[in-house]
Amino acid sequence: MKLLEKIDSLFPDEGDIPREFDFKPVNQTEYLVNGKLRHWDGPVQQVLSPVCVRTSSGLSQKIIGSHPLLTEKESLIVLDAASNAYGNGMGSWPAMHTEERIEHLEEFTGQMKERRSEVVNLLMWEIGKSYPDSLSEFDRTVDYINGTINALKSMDRDSSGFVIKEGIIGQIRRAPRGVVLCMGPSNYPLNETFTTVIPSLLMGNTVVLKLPRPGSLILYPLLEAFQKSFPGGVVNTIYGEGRKIISPLISSGKIDSLAYIGTSKVANALKRQHPKLNRLHCSFGLDAKNAAIILKDADLELTIKECITGALSYNGQRCTALKILFVHSKIVDSFIKQLAEAISKLEIGMPWENNVFITPMPDPQKIEYLTELVKDAQAHGAEIINDAGGTKNKTFFYPALLYPVNSKMRVYREEQFGPVIPVISFNDIEEPIKYMVESNYGLQASIFGKDTHIIANLIDSLVNQVARVNINSQCQRGPDSFPFTGRKDSAEGTLSILDALRAFSVESVVAAKETDANRAIIKEIVRENKSTFLSTDFIL
Ligand code: G3H
(Lines give C-alpha, C1' and ligand atoms only; values in the text may rest on other atoms or scores of the structure.)
Protein backbone atom coordinates (compact mmCIF):
# COMPACT_ATOMS: atom_id res chain seq x y z
CA MET A 1 0.00 0.00 0.00
CA LYS A 2 1.26 3.50 -0.80
CA LEU A 3 2.34 5.56 2.20
CA LEU A 4 -0.34 8.25 1.84
CA GLU A 5 -3.05 5.60 1.60
CA LYS A 6 -1.59 3.84 4.62
CA ILE A 7 -1.71 7.07 6.65
CA ASP A 8 -5.24 7.68 5.45
CA SER A 9 -6.45 4.23 6.49
CA LEU A 10 -4.36 4.04 9.65
CA PHE A 11 -7.12 3.92 12.25
CA PRO A 12 -9.09 0.75 12.92
CA ASP A 13 -12.76 -0.07 13.06
CA GLU A 14 -13.89 -0.93 16.57
CA GLY A 15 -14.03 -4.59 15.53
CA ASP A 16 -10.39 -4.60 14.33
CA ILE A 17 -8.98 -4.01 17.80
CA PRO A 18 -7.36 -7.27 18.96
CA ARG A 19 -9.22 -8.82 21.89
CA GLU A 20 -6.17 -8.92 24.17
CA PHE A 21 -5.74 -5.16 23.82
CA ASP A 22 -9.39 -4.20 23.95
CA PHE A 23 -10.27 -1.72 26.58
CA LYS A 24 -13.12 -1.08 28.97
CA PRO A 25 -13.37 2.61 29.89
CA VAL A 26 -12.02 3.48 33.34
CA ASN A 27 -14.39 5.91 34.98
CA GLN A 28 -12.43 6.83 38.03
CA THR A 29 -14.33 8.52 40.85
CA GLU A 30 -11.82 7.93 43.64
CA TYR A 31 -8.82 9.83 44.88
CA LEU A 32 -6.50 8.70 47.65
CA VAL A 33 -6.43 10.86 50.75
CA ASN A 34 -5.34 9.98 54.26
CA GLY A 35 -5.31 6.27 53.47
CA LYS A 36 -8.87 6.25 52.11
CA LEU A 37 -10.13 6.02 48.55
CA ARG A 38 -12.56 8.89 48.76
CA HIS A 39 -15.46 9.00 46.32
CA TRP A 40 -15.86 12.10 44.14
CA ASP A 41 -19.23 12.97 42.66
CA GLY A 42 -18.29 16.37 41.24
CA PRO A 43 -17.20 17.24 37.69
CA VAL A 44 -14.93 14.84 35.85
CA GLN A 45 -12.47 15.12 32.98
CA GLN A 46 -13.27 12.88 30.06
CA VAL A 47 -10.17 11.13 28.76
CA LEU A 48 -9.77 10.60 25.01
CA SER A 49 -7.28 8.16 23.58
CA PRO A 50 -4.86 9.17 20.83
CA VAL A 51 -6.27 6.10 19.09
CA CYS A 52 -9.18 7.01 16.83
CA VAL A 53 -11.81 4.57 15.60
CA ARG A 54 -13.92 4.73 12.48
CA THR A 55 -17.52 5.68 13.11
CA SER A 56 -20.43 6.46 10.79
CA SER A 57 -19.59 10.15 11.17
CA GLY A 58 -15.85 9.73 10.54
CA LEU A 59 -12.86 9.23 12.79
CA SER A 60 -13.31 9.83 16.45
CA GLN A 61 -10.89 9.56 19.38
CA LYS A 62 -11.90 6.61 21.54
CA ILE A 63 -13.28 7.58 24.93
CA ILE A 64 -11.26 5.65 27.50
CA GLY A 65 -12.68 6.99 30.72
CA SER A 66 -12.68 9.93 33.08
CA HIS A 67 -11.09 11.10 36.29
CA PRO A 68 -12.11 13.58 38.99
CA LEU A 69 -11.64 17.30 38.51
CA LEU A 70 -11.00 18.27 42.09
CA THR A 71 -11.17 21.82 43.39
CA GLU A 72 -9.02 23.89 45.71
CA LYS A 73 -11.00 22.57 48.68
CA GLU A 74 -10.13 18.89 48.10
CA SER A 75 -6.59 19.79 47.16
CA LEU A 76 -6.07 21.51 50.52
CA ILE A 77 -7.62 18.54 52.35
CA VAL A 78 -5.10 16.30 50.60
CA LEU A 79 -2.29 18.65 51.60
CA ASP A 80 -3.41 18.55 55.22
CA ALA A 81 -3.38 14.75 55.10
CA ALA A 82 0.23 14.77 53.86
CA SER A 83 1.26 17.47 56.38
CA ASN A 84 -0.35 15.64 59.29
CA ALA A 85 1.27 12.35 58.29
CA TYR A 86 4.62 14.14 58.24
CA GLY A 87 3.79 15.72 61.59
CA ASN A 88 6.68 18.20 61.43
CA GLY A 89 9.03 15.26 61.03
CA MET A 90 7.62 13.45 64.05
CA GLY A 91 4.88 11.50 62.28
CA SER A 92 5.15 7.73 62.25
CA TRP A 93 6.45 7.61 58.64
CA PRO A 94 9.40 10.04 58.93
CA ALA A 95 10.23 8.64 62.37
CA MET A 96 10.11 5.04 61.17
CA HIS A 97 13.26 2.98 60.88
CA THR A 98 14.55 2.87 57.29
CA GLU A 99 14.29 -0.92 57.22
CA GLU A 100 10.57 -0.74 57.96
CA ARG A 101 10.00 1.85 55.25
CA ILE A 102 11.74 -0.47 52.81
CA GLU A 103 9.31 -3.25 53.80
CA HIS A 104 6.37 -0.99 52.91
CA LEU A 105 7.95 -0.23 49.52
CA GLU A 106 8.54 -3.93 48.88
CA GLU A 107 4.93 -4.66 49.74
CA PHE A 108 3.87 -1.96 47.27
CA THR A 109 6.15 -3.28 44.52
CA GLY A 110 4.73 -6.79 44.92
CA GLN A 111 1.18 -5.47 44.50
CA MET A 112 2.21 -3.19 41.65
CA LYS A 113 3.64 -6.12 39.69
CA GLU A 114 0.28 -7.88 39.88
CA ARG A 115 -1.30 -4.97 37.97
CA ARG A 116 1.33 -4.92 35.18
CA SER A 117 -0.97 -5.79 32.29
CA GLU A 118 -3.60 -3.18 33.27
CA VAL A 119 -1.02 -0.40 33.58
CA VAL A 120 0.63 -1.38 30.31
CA ASN A 121 -2.71 -1.42 28.50
CA LEU A 122 -3.52 2.02 29.91
CA LEU A 123 -0.16 3.38 28.77
CA MET A 124 -0.96 2.21 25.23
CA TRP A 125 -4.47 3.61 25.23
CA GLU A 126 -3.93 6.81 27.13
CA ILE A 127 -0.65 8.06 25.67
CA GLY A 128 -0.29 5.95 22.53
CA LYS A 129 2.97 4.28 23.55
CA SER A 130 3.75 1.07 21.66
CA TYR A 131 3.24 -2.24 23.46
CA PRO A 132 7.00 -3.05 23.84
CA ASP A 133 7.75 0.52 25.02
CA SER A 134 4.85 0.38 27.49
CA LEU A 135 6.12 -2.94 28.88
CA SER A 136 9.57 -1.47 29.11
CA GLU A 137 8.30 1.62 30.97
CA PHE A 138 6.65 -0.62 33.54
CA ASP A 139 9.59 -3.01 33.98
CA ARG A 140 12.12 -0.21 34.08
CA THR A 141 10.10 1.37 36.90
CA VAL A 142 10.12 -1.86 38.92
CA ASP A 143 13.90 -2.10 38.38
CA TYR A 144 14.19 1.53 39.46
CA ILE A 145 12.38 0.79 42.71
CA ASN A 146 14.58 -2.22 43.44
CA GLY A 147 17.71 -0.25 42.53
CA THR A 148 16.65 2.59 44.83
CA ILE A 149 16.06 0.21 47.73
CA ASN A 150 19.54 -1.30 47.24
CA ALA A 151 21.13 2.16 47.01
CA LEU A 152 19.40 3.18 50.23
CA LYS A 153 20.64 0.08 52.03
CA SER A 154 24.17 0.86 50.98
CA MET A 155 23.77 4.54 51.96
CA ASP A 156 22.47 3.41 55.35
CA ARG A 157 25.46 1.11 55.88
CA ASP A 158 27.89 3.89 54.93
CA SER A 159 26.35 6.31 57.41
CA SER A 160 25.98 3.92 60.33
CA GLY A 161 29.36 4.80 61.88
CA PHE A 162 30.71 7.79 63.77
CA VAL A 163 33.40 10.23 62.70
CA ILE A 164 35.75 11.94 65.12
CA LYS A 165 37.39 15.13 63.82
CA GLU A 166 39.04 18.03 65.60
CA GLY A 167 37.77 16.87 68.97
CA ILE A 168 34.15 16.46 67.78
CA ILE A 169 32.28 13.16 67.60
CA GLY A 170 29.66 13.18 64.86
CA GLN A 171 27.19 10.98 63.11
CA ILE A 172 25.99 12.10 59.68
CA ARG A 173 22.80 10.65 58.27
CA ARG A 174 20.12 11.87 55.93
CA ALA A 175 16.69 13.07 57.08
CA PRO A 176 13.52 13.76 55.04
CA ARG A 177 12.61 17.19 53.66
CA GLY A 178 8.90 17.13 54.52
CA VAL A 179 5.92 17.17 52.17
CA VAL A 180 6.88 16.54 48.54
CA LEU A 181 4.63 17.50 45.65
CA CYS A 182 5.44 15.14 42.76
CA MET A 183 4.25 16.07 39.27
CA GLY A 184 5.21 13.71 36.48
CA PRO A 185 5.22 14.21 32.70
CA SER A 186 2.76 12.77 30.20
CA ASN A 187 5.44 11.03 28.10
CA TYR A 188 6.60 8.82 31.00
CA PRO A 189 3.64 9.13 33.39
CA LEU A 190 4.59 6.05 35.36
CA ASN A 191 8.37 5.92 35.20
CA GLU A 192 9.35 9.54 35.60
CA THR A 193 6.69 10.19 38.22
CA PHE A 194 7.96 7.24 40.23
CA THR A 195 11.59 8.36 39.91
CA THR A 196 10.63 11.15 42.33
CA VAL A 197 7.84 9.48 44.35
CA ILE A 198 9.81 6.36 45.31
CA PRO A 199 12.96 8.06 46.65
CA SER A 200 10.79 10.66 48.42
CA LEU A 201 8.91 7.92 50.26
CA LEU A 202 11.99 5.88 51.08
CA MET A 203 13.66 8.90 52.68
CA GLY A 204 10.65 9.44 54.97
CA ASN A 205 8.82 12.26 53.18
CA THR A 206 5.07 12.24 52.63
CA VAL A 207 3.79 12.77 49.12
CA VAL A 208 1.07 14.59 47.22
CA LEU A 209 1.02 13.05 43.80
CA LYS A 210 -0.39 14.86 40.76
CA LEU A 211 -0.35 12.87 37.58
CA PRO A 212 -0.13 14.58 34.21
CA ARG A 213 -2.90 15.04 31.66
CA PRO A 214 -2.82 12.85 29.64
CA GLY A 215 -1.42 10.09 31.79
CA SER A 216 -3.67 10.36 34.87
CA LEU A 217 -5.54 7.11 34.39
CA ILE A 218 -2.44 4.93 34.30
CA LEU A 219 -2.15 5.21 38.09
CA TYR A 220 -5.69 4.06 38.71
CA PRO A 221 -4.84 0.33 38.98
CA LEU A 222 -2.17 1.19 41.56
CA LEU A 223 -4.27 3.32 43.91
CA GLU A 224 -5.28 0.31 45.96
CA ALA A 225 -1.66 -0.83 46.23
CA PHE A 226 -0.71 2.62 47.57
CA GLN A 227 -3.62 2.50 49.98
CA LYS A 228 -2.80 -0.94 51.32
CA SER A 229 0.97 -0.56 51.48
CA PHE A 230 1.42 2.76 53.28
CA PRO A 231 0.09 4.35 56.46
CA GLY A 232 -2.69 6.91 55.94
CA GLY A 233 -1.57 10.27 54.54
CA VAL A 234 1.84 9.08 53.34
CA VAL A 235 0.73 8.92 49.69
CA ASN A 236 -2.15 11.08 48.45
CA THR A 237 -3.35 11.76 44.91
CA ILE A 238 -4.97 14.77 43.24
CA TYR A 239 -6.46 15.27 39.79
CA GLY A 240 -7.58 18.38 37.99
CA GLU A 241 -6.49 21.68 36.53
CA GLY A 242 -3.12 22.86 37.76
CA ARG A 243 -4.30 26.44 38.30
CA LYS A 244 -7.08 25.29 40.62
CA ILE A 245 -5.39 22.49 42.54
CA ILE A 246 -1.64 23.15 42.39
CA SER A 247 -1.41 26.91 42.97
CA PRO A 248 -3.19 26.72 46.37
CA LEU A 249 -0.85 23.94 47.48
CA ILE A 250 2.29 25.87 46.67
CA SER A 251 1.07 29.24 47.88
CA SER A 252 0.12 27.63 51.22
CA GLY A 253 3.87 27.42 51.94
CA LYS A 254 3.42 23.85 53.18
CA ILE A 255 5.19 22.15 50.28
CA ASP A 256 8.83 21.55 51.19
CA SER A 257 9.98 19.93 47.99
CA LEU A 258 8.64 20.27 44.47
CA ALA A 259 9.46 17.57 41.94
CA TYR A 260 8.23 18.60 38.52
CA ILE A 261 8.97 17.36 35.02
CA GLY A 262 7.64 19.59 32.27
CA THR A 263 8.34 23.05 30.85
CA SER A 264 10.59 25.69 32.40
CA LYS A 265 7.79 28.23 32.01
CA VAL A 266 5.43 26.25 34.26
CA ALA A 267 8.25 25.32 36.67
CA ASN A 268 9.16 28.98 37.19
CA ALA A 269 5.54 30.03 37.60
CA LEU A 270 5.01 27.32 40.24
CA LYS A 271 8.16 28.11 42.14
CA ARG A 272 7.36 31.81 42.39
CA GLN A 273 4.08 31.04 44.15
CA HIS A 274 5.83 29.68 47.23
CA PRO A 275 5.88 32.29 50.01
CA LYS A 276 9.13 30.96 51.53
CA LEU A 277 11.49 30.38 48.64
CA ASN A 278 14.39 29.18 50.74
CA ARG A 279 12.22 26.50 52.25
CA LEU A 280 11.21 25.09 48.88
CA HIS A 281 13.62 22.61 47.38
CA CYS A 282 13.13 21.96 43.65
CA SER A 283 13.95 19.02 41.41
CA PHE A 284 13.06 19.92 37.85
CA GLY A 285 13.43 18.10 34.51
CA LEU A 286 12.63 20.70 31.84
CA ASP A 287 13.01 21.82 28.21
CA ALA A 288 15.68 20.60 25.81
CA LYS A 289 16.99 21.01 22.28
CA ASN A 290 19.55 18.22 22.10
CA ALA A 291 21.86 18.56 19.11
CA ALA A 292 23.66 15.83 17.20
CA ILE A 293 26.92 16.87 15.55
CA ILE A 294 27.67 14.55 12.66
CA LEU A 295 31.28 14.78 11.46
CA LYS A 296 32.43 14.05 7.92
CA ASP A 297 33.98 10.68 8.88
CA ALA A 298 30.89 9.43 10.75
CA ASP A 299 29.86 5.81 10.18
CA LEU A 300 26.64 6.64 8.35
CA GLU A 301 24.89 3.34 8.91
CA LEU A 302 25.35 3.55 12.66
CA THR A 303 24.61 7.30 12.72
CA ILE A 304 21.34 6.89 10.83
CA LYS A 305 20.28 4.10 13.17
CA GLU A 306 21.02 6.20 16.26
CA CYS A 307 19.38 9.30 14.75
CA ILE A 308 16.21 7.35 13.98
CA THR A 309 15.84 6.06 17.53
CA GLY A 310 17.23 9.29 18.94
CA ALA A 311 14.81 11.57 17.09
CA LEU A 312 11.76 9.38 16.62
CA SER A 313 11.39 6.86 19.48
CA TYR A 314 7.93 7.40 20.94
CA ASN A 315 7.35 9.91 18.13
CA GLY A 316 10.13 12.16 19.41
CA GLN A 317 8.22 12.82 22.62
CA ARG A 318 11.22 12.44 24.92
CA CYS A 319 13.12 15.19 26.67
CA THR A 320 16.28 13.37 25.57
CA ALA A 321 15.24 13.11 21.90
CA LEU A 322 17.66 14.45 19.29
CA LYS A 323 15.98 17.70 18.31
CA ILE A 324 18.38 19.24 15.79
CA LEU A 325 21.02 17.60 13.60
CA PHE A 326 24.19 19.44 12.46
CA VAL A 327 25.71 17.50 9.57
CA HIS A 328 29.05 18.21 7.89
CA SER A 329 28.48 19.67 4.41
CA LYS A 330 30.63 16.93 2.80
CA ILE A 331 28.17 14.20 3.79
CA VAL A 332 24.91 16.07 4.24
CA ASP A 333 23.37 15.03 0.88
CA SER A 334 24.00 11.37 1.41
CA PHE A 335 22.97 11.65 5.08
CA ILE A 336 19.54 13.15 4.39
CA LYS A 337 18.92 10.69 1.55
CA GLN A 338 19.69 7.71 3.79
CA LEU A 339 17.77 9.18 6.73
CA ALA A 340 14.70 9.71 4.51
CA GLU A 341 14.95 6.08 3.34
CA ALA A 342 15.24 4.86 6.93
CA ILE A 343 12.15 6.88 7.91
CA SER A 344 10.18 5.34 5.05
CA LYS A 345 10.90 1.87 6.48
CA LEU A 346 9.44 2.66 9.91
CA GLU A 347 6.18 0.94 10.68
CA ILE A 348 3.30 3.24 11.43
CA GLY A 349 0.12 2.17 13.17
CA MET A 350 -1.64 1.48 16.43
CA PRO A 351 0.30 0.91 19.69
CA TRP A 352 -0.51 -2.81 19.75
CA GLU A 353 0.68 -3.55 16.19
CA ASN A 354 3.83 -5.62 15.68
CA ASN A 355 7.02 -3.60 15.17
CA VAL A 356 5.09 -0.32 15.15
CA PHE A 357 7.38 2.68 15.59
CA ILE A 358 5.30 5.78 14.84
CA THR A 359 1.95 5.93 16.65
CA PRO A 360 -0.81 8.52 17.17
CA MET A 361 -0.08 11.27 19.67
CA PRO A 362 -2.13 12.18 22.76
CA ASP A 363 -2.47 15.92 22.23
CA PRO A 364 -4.34 16.95 19.05
CA GLN A 365 -3.07 20.51 19.51
CA LYS A 366 0.43 19.14 19.10
CA ILE A 367 -0.45 18.02 15.57
CA GLU A 368 -1.44 21.62 14.74
CA TYR A 369 1.72 22.96 16.36
CA LEU A 370 3.98 20.61 14.39
CA THR A 371 2.16 21.50 11.18
CA GLU A 372 2.78 25.21 11.86
CA LEU A 373 6.42 24.50 12.64
CA VAL A 374 6.90 22.70 9.33
CA LYS A 375 5.06 25.44 7.38
CA ASP A 376 7.20 28.10 8.99
CA ALA A 377 10.38 26.21 8.06
CA GLN A 378 9.17 25.86 4.47
CA ALA A 379 8.38 29.57 4.32
CA HIS A 380 12.00 30.25 5.29
CA GLY A 381 13.51 27.93 2.71
CA ALA A 382 13.46 24.38 4.11
CA GLU A 383 12.17 21.43 2.14
CA ILE A 384 10.46 18.32 3.42
CA ILE A 385 12.96 15.70 2.30
CA ASN A 386 11.06 12.48 3.02
CA ASP A 387 8.08 11.06 1.22
CA ALA A 388 4.79 12.14 2.90
CA GLY A 389 6.71 14.05 5.61
CA GLY A 390 4.36 16.11 7.80
CA THR A 391 1.18 14.37 6.56
CA LYS A 392 -1.41 14.33 9.30
CA ASN A 393 -4.49 12.31 9.98
CA LYS A 394 -6.40 13.37 13.11
CA THR A 395 -4.02 12.48 15.98
CA PHE A 396 -1.31 11.09 13.72
CA PHE A 397 1.64 13.06 12.33
CA TYR A 398 4.04 11.42 9.89
CA PRO A 399 7.71 12.36 10.59
CA ALA A 400 9.01 15.35 8.64
CA LEU A 401 12.71 15.59 7.76
CA LEU A 402 13.51 19.26 7.12
CA TYR A 403 16.53 20.57 5.22
CA PRO A 404 18.19 23.08 4.97
CA VAL A 405 17.24 24.61 8.30
CA ASN A 406 18.44 28.08 9.29
CA SER A 407 18.24 30.44 12.24
CA LYS A 408 15.16 32.27 10.91
CA MET A 409 12.98 29.22 11.45
CA ARG A 410 11.10 28.50 14.67
CA VAL A 411 12.22 24.88 14.57
CA TYR A 412 15.83 26.10 14.87
CA ARG A 413 15.23 27.09 18.51
CA GLU A 414 11.84 25.75 19.64
CA GLU A 415 11.61 22.33 21.22
CA GLN A 416 9.34 20.41 18.82
CA PHE A 417 8.77 17.44 21.18
CA GLY A 418 7.44 15.47 18.23
CA PRO A 419 8.46 13.78 14.96
CA VAL A 420 10.08 16.69 13.15
CA ILE A 421 13.79 16.40 12.34
CA PRO A 422 15.57 19.66 11.42
CA VAL A 423 18.93 19.26 9.64
CA ILE A 424 21.57 22.00 9.22
CA SER A 425 24.80 21.57 7.31
CA PHE A 426 28.06 23.02 8.63
CA ASN A 427 31.62 23.49 7.40
CA ASP A 428 33.20 24.91 10.50
CA ILE A 429 32.86 22.99 13.77
CA GLU A 430 32.49 26.34 15.55
CA GLU A 431 28.96 26.65 14.03
CA PRO A 432 27.29 23.90 16.10
CA ILE A 433 29.33 24.90 19.14
CA LYS A 434 28.11 28.50 18.81
CA TYR A 435 24.54 27.19 18.51
CA MET A 436 24.87 25.32 21.78
CA VAL A 437 26.56 28.20 23.58
CA GLU A 438 23.70 30.51 22.54
CA SER A 439 20.96 27.96 23.26
CA ASN A 440 18.73 28.37 26.31
CA TYR A 441 18.92 24.63 26.82
CA GLY A 442 21.65 22.34 28.06
CA LEU A 443 20.45 18.78 28.50
CA GLN A 444 22.52 16.52 26.23
CA ALA A 445 24.34 16.31 22.90
CA SER A 446 25.60 13.56 20.60
CA ILE A 447 28.77 13.48 18.50
CA PHE A 448 29.07 11.08 15.57
CA GLY A 449 32.48 10.52 13.97
CA LYS A 450 35.86 8.76 14.22
CA ASP A 451 38.58 11.45 14.36
CA THR A 452 39.68 11.32 18.00
CA HIS A 453 41.31 14.76 17.82
CA ILE A 454 38.07 16.46 16.74
CA ILE A 455 35.92 14.33 19.07
CA ALA A 456 38.17 15.10 22.05
CA ASN A 457 38.05 18.86 21.36
CA LEU A 458 34.30 18.71 20.96
CA ILE A 459 33.90 16.79 24.22
CA ASP A 460 35.91 19.44 26.04
CA SER A 461 33.73 22.23 24.64
CA LEU A 462 30.40 20.46 25.02
CA VAL A 463 30.73 19.18 28.58
CA ASN A 464 30.51 22.82 29.63
CA GLN A 465 27.34 23.37 27.58
CA VAL A 466 25.30 20.25 28.39
CA ALA A 467 25.13 17.65 31.14
CA ARG A 468 25.87 14.57 29.03
CA VAL A 469 27.84 14.14 25.80
CA ASN A 470 27.14 10.91 23.91
CA ILE A 471 29.66 9.51 21.44
CA ASN A 472 28.29 7.67 18.42
CA SER A 473 25.14 7.13 20.47
CA GLN A 474 21.79 8.83 20.73
CA CYS A 475 20.97 10.95 23.79
CA GLN A 476 19.22 9.10 26.60
CA ARG A 477 18.59 9.13 30.31
CA GLY A 478 19.62 5.59 31.17
CA PRO A 479 21.25 3.75 32.77
CA ASP A 480 19.26 5.09 35.71
CA SER A 481 22.33 4.96 37.92
CA PHE A 482 23.93 7.72 35.77
CA PRO A 483 23.34 11.31 36.89
CA PHE A 484 20.47 12.87 34.96
CA THR A 485 20.57 16.65 34.95
CA GLY A 486 20.89 19.64 32.65
CA ARG A 487 22.24 23.16 32.42
CA LYS A 488 20.42 26.47 31.79
CA ASP A 489 16.63 25.98 31.30
CA SER A 490 16.89 22.20 31.07
CA ALA A 491 16.94 21.11 34.70
CA GLU A 492 17.34 22.01 38.31
CA GLY A 493 19.01 19.42 40.50
CA THR A 494 20.21 15.96 39.58
CA LEU A 495 18.30 12.73 39.53
CA SER A 496 19.69 9.21 39.35
CA ILE A 497 18.96 6.31 41.63
CA LEU A 498 21.41 7.63 44.24
CA ASP A 499 21.10 11.37 43.55
CA ALA A 500 17.32 11.21 43.96
CA LEU A 501 17.73 9.77 47.47
CA ARG A 502 19.94 12.77 48.20
CA ALA A 503 17.59 15.25 46.50
CA PHE A 504 14.66 14.27 48.70
CA SER A 505 16.61 14.37 51.95
CA VAL A 506 18.88 16.66 53.92
CA GLU A 507 22.12 15.78 55.66
CA SER A 508 21.59 15.95 59.40
CA VAL A 509 24.45 15.77 61.85
CA VAL A 510 24.45 14.86 65.51
CA ALA A 511 27.66 16.18 67.05
CA ALA A 512 29.23 16.44 70.50
CA LYS A 513 32.54 17.64 71.92
CA GLU A 514 34.64 14.60 72.68
CA THR A 515 34.37 14.58 76.47
CA ASP A 516 33.98 11.57 78.74
CA ALA A 517 30.45 12.65 79.64
CA ASN A 518 29.37 12.99 76.00
CA ARG A 519 31.02 9.71 75.06
CA ALA A 520 29.04 8.00 77.82
CA ILE A 521 25.75 9.59 76.66
CA ILE A 522 26.28 8.56 73.04
CA LYS A 523 27.35 5.03 74.01
CA GLU A 524 24.30 4.52 76.18
CA ILE A 525 21.88 5.81 73.50
CA VAL A 526 23.44 3.54 70.91
CA ARG A 527 23.86 0.48 73.16
CA GLU A 528 20.27 0.62 74.36
CA ASN A 529 18.83 1.50 70.93
CA LYS A 530 17.24 4.64 72.36
CA SER A 531 17.26 6.65 69.11
CA THR A 532 16.28 5.76 65.55
CA PHE A 533 18.69 8.34 64.10
CA LEU A 534 21.69 8.08 66.44
CA SER A 535 22.41 4.44 65.95
CA THR A 536 25.04 2.09 64.60
CA ASP A 537 22.41 -0.30 63.24
CA PHE A 538 22.62 -0.94 59.54
CA ILE A 539 20.62 -2.81 56.96
CA LEU A 540 22.11 -5.85 55.29
O1 G3H B 1 11.52 12.52 28.61
C2 G3H B 1 12.62 12.41 29.17
C3 G3H B 1 13.07 11.10 29.69
O4 G3H B 1 13.76 11.21 30.91
C5 G3H B 1 13.92 10.41 28.72
O6 G3H B 1 14.27 9.17 29.15
O7 G3H B 1 16.10 8.82 27.51
O8 G3H B 1 15.18 6.95 28.83
O9 G3H B 1 13.81 7.98 27.02
P10 G3H B 1 14.87 8.18 28.06
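Helices (H or I, at least four residues) and strands (E, at least two) are DSSP runs, numbered from the N terminus. This is a predicted model, so local features need pLDDT of at least 70 and side-chain atom pairs count only at pLDDT 80 or more, while totals for chains, interfaces and linings use all residues. Residues are numbered from 1 along each chain as its sequence is written, and side-chain values use heavy atoms, with hydrogens and water left out.

Helix α5 is mostly covered, with nine of its twelve residues buried. Buried means under 20% relative accessible area, exposed means over 50%, and partly exposed is in between (1.4 Å probe, protein chains only). The buried residues of α5 are Val119, Val120, Asn121, Leu122, Leu123, Met124, Trp125, Glu126 and Ile127. Buried positions in α2 are Glu74, Ser75, Val78, Leu79, Ala81, Ala82, Ser83, Ala85 and Tyr86. An α-helix has 3.6 residues a turn, so residues three or four places apart point the same way. After α2 comes Gly87, with a positive phi near 55 degrees.

Now to the ligand. Around the ligand sit Arg140, Asn187, Tyr188, Glu192, Arg318, Cys319, Thr320, Gln476, Arg477 and Phe484, where being near takes a residue heavy atom within 4 Å of the molecule. Sorted by class, this shell holds three nonpolar, three polar and four charged residues. In that scheme Ala, Val, Leu, Ile, Met, Phe, Trp, Tyr, Cys and Pro count as nonpolar, Asp, Glu, Lys and Arg as charged, and the others, Gly among them, as polar. Domain 1 (32-285) and domain 2 (290-481) each supply at least three residues to the shell, with the bounds taken from an automatic or database domain assignment.

Several polar contacts can be picked out; the term covers a pair of N or O atoms within 3.5 Å, and within protein one must be able to donate a hydrogen and the other to accept it, with residues adjacent in sequence counted only if both atoms are side-chain atoms. Arg318 places a polar side-chain atom 2.7 Å from an oxygen atom of the ligand. For Thr320, a side-chain N or O atom is 2.7 Å from a ligand oxygen atom. Arg477 takes part through its backbone, with an N or O atom 2.7 Å from an oxygen atom of the ligand. Taken alone the ligand exposes 300 Å², and the protein buries 95% of that; accessible areas come from the Shrake-Rupley method with a 1.4 Å probe, and for residues only the protein chains shown count as cover.

Most residues other than glycine have a negative phi, and most peptide bonds are trans. Arg213 and Pro214, however, are joined by a cis peptide bond with omega about -5 degrees, and Pro214 sits in the loop between β9 (206-210) and α8 (223-229). The bond from Gly478 to Pro479 is cis as well, with omega near -5 degrees; Pro479 belongs to the loop between β24 (468-471) and β25 (487-488).

Tyr314 is not a glycine, yet its phi is positive at about 45 degrees. This residue is in the loop between α12 (300-312) and β14 (322-328), and it counts as buried because its relative accessibility is 6%. Phe417, again not a glycine, has a positive phi of about 45 degrees and lies in the loop between α15 (410-413) and β21 (420-426). At 22% relative accessibility, Phe417 counts as partly exposed.

Finally, some pairs separated in sequence. Leu3, in helix α1 (residues 3-8), is buried at 18% relative accessibility. From Leu3 to Ser344 there are 341 residues in sequence but 8.3 Å in space, C-alpha to C-alpha. Lys394, in the loop between β18 (392-393) and β19 (396-397), is partly exposed at 45% relative accessibility. Lys394 and Leu59 are 335 residues apart in sequence, with 7.7 Å between their C-alpha atoms.
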